[in-house]
Amino acid sequence: MTTLLIDAQNVSKTFVLHQQDGLALPVLDDVSLQVAAGECVALVGPSGAGKSTFLKALYANYLVQAGTIGIFHRGAWVNMATALPHQIVEVRRHTLGYVSQFLRVIPRVSALDIVAEPLVEWGESQEAARVVAGEWLARLNISERLWSLPPATFSGGEQQRVNIARGMIAPRPILLLDEPTASLDAANRAVVIALMQEAKARGAALVGIFHDEATRDTIADRLFTVPLARRLDTAKELTA
Ligand SMILES: Nc1ncnc2c1ncn2[C@@H]1O[C@H](COP(=O)(O)OP(=O)(O)OP(=O)(O)O)[C@@H](O)[C@H]1O
């Protein structure tokens, strides 16, 4: 039996550029996607098709104008398109993880604590979370001498690996991944692929953007082409 964890139906999103005379840019037009536990779906489509926008809409970073974004959270469906801010925080804490391309560095917080934080929010003690955070950093080849430092001065690849550890450490049932292997060398890419495979094996649903075809072929069970929305020229056309 397949257990659905994501059920997005008829999602539409138009950006209105207020500084450009109200120019309307429809990006998502009636997009529907369902993802089951243990499945990895790769979003594909030409540059600008709306892959990142769709991922951010699933995470409720963007408000959508139409459609529902069902996320299966603790035994019930939550529509992220209409959820209240405190519900969104709750869903993100326990159910829905997001691995972006770049680490948002928190000043004066060590790499170890940045990685441990989501596990603490998930319910682990600080001490236990720090132990697991060390294991993740070690696995992602972050030298132990860096663990106590804030990652602001880390290299791009080091920051990305800290970010991956932070995004994946809590065993959330759903993971959204925006180019998780973009600036990694082959050895670290292999580690991240293994981590994603382990997440799938524990029953997580993964939705990702993987421009690297080898990574995509290894991890994705199926491809989902984000359809190109019909582009409008001005906001006026929206109401015409
Ligand atoms: N915050 C925003 N405000 C206005 N327009 C945006 C915003 N975010 C994205 N867009 C526009 O929406 C379209 C889709 O962008 P998006 O980043 O989702 O594409 P993508 O398929 O992920 O592209 P790529 O493969 O190049 O990363 C683009 O035309 C982009 O300019």
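# Close-up views of a predicted model

**View A. Helices α3 and α4 are oblique to each other.** The model shown in this and the following views is predicted. Helix α4 spans residues 126-139, and helix α3 spans residues 111-122. The crossing of α3 and α4 is right-handed. On the α3 side, the contact involves A111, L112, V115, A116, L119 and V120. These residues meet Q126, A129, R130, V132, A133, G134, W136 and L137 in α4.

**View B. A133 belongs to the largest nonpolar core.** This core has 64 residues, and L58, V115, A133 and A165 touch the most other members. Helix α3 gives the most to the core, with 6 residues. Leaving aside residues up to four places away in sequence, A133 touches L112, V115, A116, L119, A165 and I169. In soluble globular proteins, nonpolar side chains tend to be buried together.

**View C. Helix α5 packs against helix α6.** Helix α6 covers residues 186-201, and its axis is 12 Å from that of α5. The angle between the two helices is about 10 degrees; α5 and α6 are therefore roughly parallel to each other. Helix α5 contributes G157, R161, I164 and M168 to the contact. From α6 come N188, V192, L195 and A199.

**View D. Five strands form an open sheet with parallel pairing.** The strand order is β6-β7-β8-β3-β9. Strands β6 (96-99) and β9 (222-225) stand at the edges; each has a single partner strand, so one side of each is left without a neighbour in the sheet. Direction ignored, neighbouring strands of this sheet are turned by 20 degrees against each other on average. Strand β7 (residues 174-178) is joined to β6 by 4 bridges, and the two strands run parallel. Within this pair, L96 stands opposite I174 in β7. Helix α5 (residues 156-168) lies across β6 and β7 and runs at about 175 degrees to β6.

**View E. An open sheet of 4 strands shows antiparallel pairing.** Here the order is β2-β1-β4-β5. At the edges are β2 (23-36) and β5 (76-79), each of which pairs on one side only. From one strand to the next, the twist averages 25 degrees. Strands of a sheet pair through backbone hydrogen bonds, either parallel or antiparallel.

**View F. Strand β1 pairs with β2 and with β4.** Strand β1 (residues 4-17) runs antiparallel to β2, and 10 bridges join the two. Strand β4 (residues 66-73) also runs antiparallel to β1, joined to it by 5 bridges. A8 has a bridge partner in each of these neighbours: L33 in β2 and I69 in β4. Strands β1 and β2 form a hairpin with 5 residues between them. In the turn of this hairpin, D21 has a positive phi of about 60 degrees.

**View G. Helix α1 is largely enclosed by the rest of the structure.** Of the 8 residues of this helix (residues 51-58), 6 are buried, which is why α1 is described as largely enclosed. The buried residues are K51, T53, F54, L55, A57 and L58; L58 is also one of the residues that touch the most other members of the largest nonpolar core. The elements covering the buried residues of α1 include β1, β2, β3 (40-44), β4, β7 and β8 (205-209). After α1 comes A60, whose phi is positive, near 65 degrees.

**View H. P150 is placed in the loop between α4 and α5.** P150 has 16 other C-beta atoms within 10 Å and is partly exposed. L119 and P150 are 31 residues apart along the chain, and their C-alpha atoms are separated by 18 Å. L119 is one of the α3 residues that meet α4.

Key. Residues are numbered from 1 along each chain as its sequence is written. This is a predicted model: local features need pLDDT of at least 70, side-chain atom pairs count only at pLDDT 80 or more; totals for chains, interfaces and linings use all residues. A nonpolar core is a set of buried Ala, Val, Leu, Ile, Met, Phe, Trp, Tyr and Cys residues joined through C-beta atoms within 7 Å. A residue is buried if 20 or more other C-beta atoms lie within 10 Å of its own, exposed if 12 or fewer, and partly exposed in between; C-beta atoms are placed from the backbone. Two residues are in contact if their C-beta atoms, placed from the backbone, lie within 7 Å. Two strands pair if DSSP finds at least two bridges between them. Axes are lines fitted to C-alpha atoms, for helices over the stretch in contact, and angles run from 0 to 180 degrees between N-to-C directions. Angles under 35 degrees count as roughly parallel, over 145 as roughly antiparallel, 65 to 115 as roughly perpendicular and the rest as oblique. A crossing is left-handed if the near helix is turned anticlockwise from the far one by less than a right angle, and right-handed if clockwise.
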